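Hi everyone, thanks for coming. Let me put the structure up, and then we can walk through the fold and a few of the aromatic rings together.

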Amino acid sequence: MTNTSYRPNSKILMEQAGTLIPGGVNSPARAFGAVGGTPIVISRGEGAYLFDADGNRYIDYVLSWGPMILGHSHPAVVEALQKTVRDGTSFGAPTQNENKLAELVIEAVPSVEMVRLVNSGTEATMSAIRLARGYTERRRIIKFSGNYHGHVDSLLVAAGSAAATFSVPNSPGVTSGTAADTLILPYNNPQAVTDTFDCFGDEIAAVIVEPVAGNMGCVVGTLDFLGTLRRETEKQGTVLIFDEVMSGFRVAYGGAQQRFGITPDLTTLGKVIGGGLPVGAYGGKREIMRYVLPAGKVFQAGTLSGNPLATAAGIATLEVLRNTNPYAQLEQKIQRLADGLLNAVNKYNIPAVVNHCGSMMTLFFKSSPEISAIIDWDTAAKCNTALFAKYFWSLANNGVYMPCSQFEAFFLSTVHTDVMIDETIDVAEQALSQF
Ligand SMILES: *Cc1c(COP(=O)(O)O)cnc(C)c1O
């Protein structure tokens, strides 16, 4: 096992990055803002392992924040990319692989009858909101506190981990006019949903929700909550959008909607469907998707959308998942990790709770024993983030790479073994024994 508390190459590279790139990173979650210290610069990934710029090895529970469900450099994905790259990387014209990836998504995700490929989760949610407004000819949207839908202006309010870490629940640059049409409700609170629909029902274009939230830590939407959303939106002609950028192909092959048996009108996807390359998608009922240009009038476009490399990596990933159906096994492994980490914490009388679903989980350190469960942003935000930071570094210094915030989910891949999980639990227990 690697054991180092000093990473000279990471330090040099991050100092240099700080002069070149704002904050030294190209996405804020990488900056270690919530745990302090210098980000670990990664040089390569192999299966369930990461190697940093100083040659240290880590068991990786971040997995690029979700996409790498088959682990790093999976042979099927590498082979698909190598084969594709020789024939050119982008044409700005239709290609066969776009049909293939679309077919795989439509076959898997219950709500999706037609799908449009984009380049990120942010583009997917931005486009889905525009489409919902164009389709309903209404203005208002509902989002839930602690849910993150990418950095779309109108959705960048009460947006969970990244915003919480940097204390900018409303980002500068998002005008009050843009945010004014966004109604914020508490997660997992069916009463707040019915009350709001009683007031504003026929003005609401869309409800967007993470059916399994991953961006305030893992918080699972209850059937009562999600069922209420489905009922109220149906009654009022509002478009229900499940943001499954994280949960899609992760909590089940068909996402949370398959797992819970609740079908939204539109679904946004990303992360896993790109197999580690930049891809997003939005899809849903044919009747709504027909409004997208050039079939309809709602504008949305992309120079690199559906490009050969991204679609090749996505197809390879989804085909492995479809053919091997690893979901029951992933669930067993996450249970093993959850039980082990919680036992270790209990041994030292540290108040904590684990939420998990499919291959996502979060260990929450509770700041007070009277919080019995983490069900929404209010309960999540009260967690002991200082203790989490200490835990994070103890594990990182002993070869385990956890997400660098209390408000992010841990992820498992198909190549994480029970041996690695048990090693992780041992490392965690040793860390806690020194707290
Ligand atoms: C990651 C994420 C997004 C944003 O996707 P990007 O590819 O980072 O733009 C949107 N919604 C959810 C639920 C996510 O987890």
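So, the chain has 15 helices and 16 strands, taken as DSSP runs (helices H or I, at least four residues; strands E, at least two) and numbered from the N terminus. Please keep in mind that this is a predicted model, where local features need pLDDT of at least 70, side-chain atom pairs count only at pLDDT 80 or more, and totals for chains, interfaces and linings use all residues. Residues are numbered from 1 along each chain as its sequence is written, and side-chain values use heavy atoms, leaving out hydrogens and water.

On overall dimensions, the C-alpha trace spans about 60 × 55 × 45 Å along its principal axes. Of the 435 residues, 57% are buried, meaning under 20% relative accessible area, with exposed over 50% and partly exposed in between (1.4 Å probe, protein chains only).

Now the rings. The whole structure holds 13 aromatic pairs; rings of Phe, Tyr and Trp (its six-membered ring) pair if their centres lie within 6.5 Å, with planes under 30 degrees apart stacked, over 60 edge-to-face and the rest tilted. One of them is Phe 32 with Trp 393, edge-to-face at 5.5 Å centre to centre and 70° between the planes. Phe 32 sits in the loop between helix H1 (8–20) and strand E1 (42–46) and Trp 393 in helix H14 (residues 385–396), so this pair ties together parts 361 residues apart in sequence. Phe 32 is buried at 2% relative accessibility, and Trp 393 is buried at 18%. Together with Phe 392, these two residues form one aromatic cluster.
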